[in-house]
Amino acid sequence: EVDSAAHVDSTGVSQPFYPDSLYAFGVGGEVVAQFVVDTTGRALVETFTAVSSTHPAFTESVRRSLRHSKFRPARLRGRRVRQVMVLPYRFVIDDRG
């Protein structure tokens with residue numbers, strides 16, 4: 001247990017790209033990603049795993065985006081600590097034009 005959990009840093013959000021082949025065919029989907037956030041607020045990409053995914057191309061897109069994302073690290077007794085995060089990523093076709 002931590003005093004404050006790791007969370008997304010809104011100034012450093014890197015959205016996954018929508019794979020062109022899936023977008024062109026109107027395919028939506030979701031990836032539930034699990035990874036470790038280190039004490040500097042970076043996702044340790046080598047710890048990434050897809051808990052679930054509707055398509056491998058979505059999984060790879062999420063993996064790539066994590067390299068550029070920033071998080072606020074978890075804290076325990078005032079010190080930054082590593083923590084496992086589980087985040088859902090949704091890929092939705094926007095029909096609003």
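**Salt bridges, burial and a hairpin in a predicted model**

R64 and E60 both lie in helix 2 (residues 56-66), 4 residues apart, about one turn of the helix; helices (H or I, at least four residues) and strands (E, at least two) are DSSP runs, numbered from the N terminus. This is a predicted model, in which local features need pLDDT of at least 70 and side-chain atom pairs count only at pLDDT 80 or more, while totals for chains, interfaces and linings use all residues. Residues are numbered from 1 along each chain as its sequence is written, and side-chain values use heavy atoms, with hydrogens and water left out.

Me: What makes R64 and E60 a salt bridge?
Reply: The closest N and O atoms of R64 and E60 are 3.3 Å apart. A salt bridge requires a side-chain nitrogen of Lys or Arg within 4 Å of a carboxyl oxygen of Asp or Glu, so the pair qualifies. E60, R63 and R64 are linked in a network of salt bridges.

Me: Why is E60 called partly exposed?
Reply: E60 has 28% relative accessibility. Buried means under 20% relative accessible area, exposed over 50%, and partly exposed in between (1.4 Å probe, protein chains only), so E60 falls in the middle class. R64, at 42%, is also partly exposed.

Me: How do you know that R72 and D9 form a salt bridge?
Reply: Their closest N and O atoms are 3.8 Å apart, and that is within the limit for a salt bridge. The pair links distant parts of the chain, 63 residues apart: R72 is in strand 4 (residues 71-72), and D9 is in the loop between strand 1 and helix 1.

Me: Which class of accessibility does D9 fall in, and why?
Reply: D9 has 9% relative accessibility, so D9 counts as buried. R72, with a relative accessible area of 43%, is partly exposed.

Me: What makes R90 exposed?
Reply: The relative accessibility of R90 is 60%, so R90 counts as exposed. R90 meets E30 in a salt bridge (3.1 Å, N to O). E30 sits in strand 2 and R90 in strand 7 (residues 83-91), 60 residues apart.

Me: Why is S14 called buried?
Reply: S14 has a relative accessible area of 18%, and is therefore buried. Beyond its neighbours within four places in sequence, S14 is in contact (heavy atoms within 4.5 Å) with S65, H68 and S69.

Me: How do you know that strand 2 and strand 3 pair?
Reply: Strand 2 (residues 29-37) and strand 3 (residues 43-53) share 6 bridges in the antiparallel sense. Pairing needs at least two bridges found by DSSP, so these strands pair. Q34 has T49 in strand 3 as its bridge partner.
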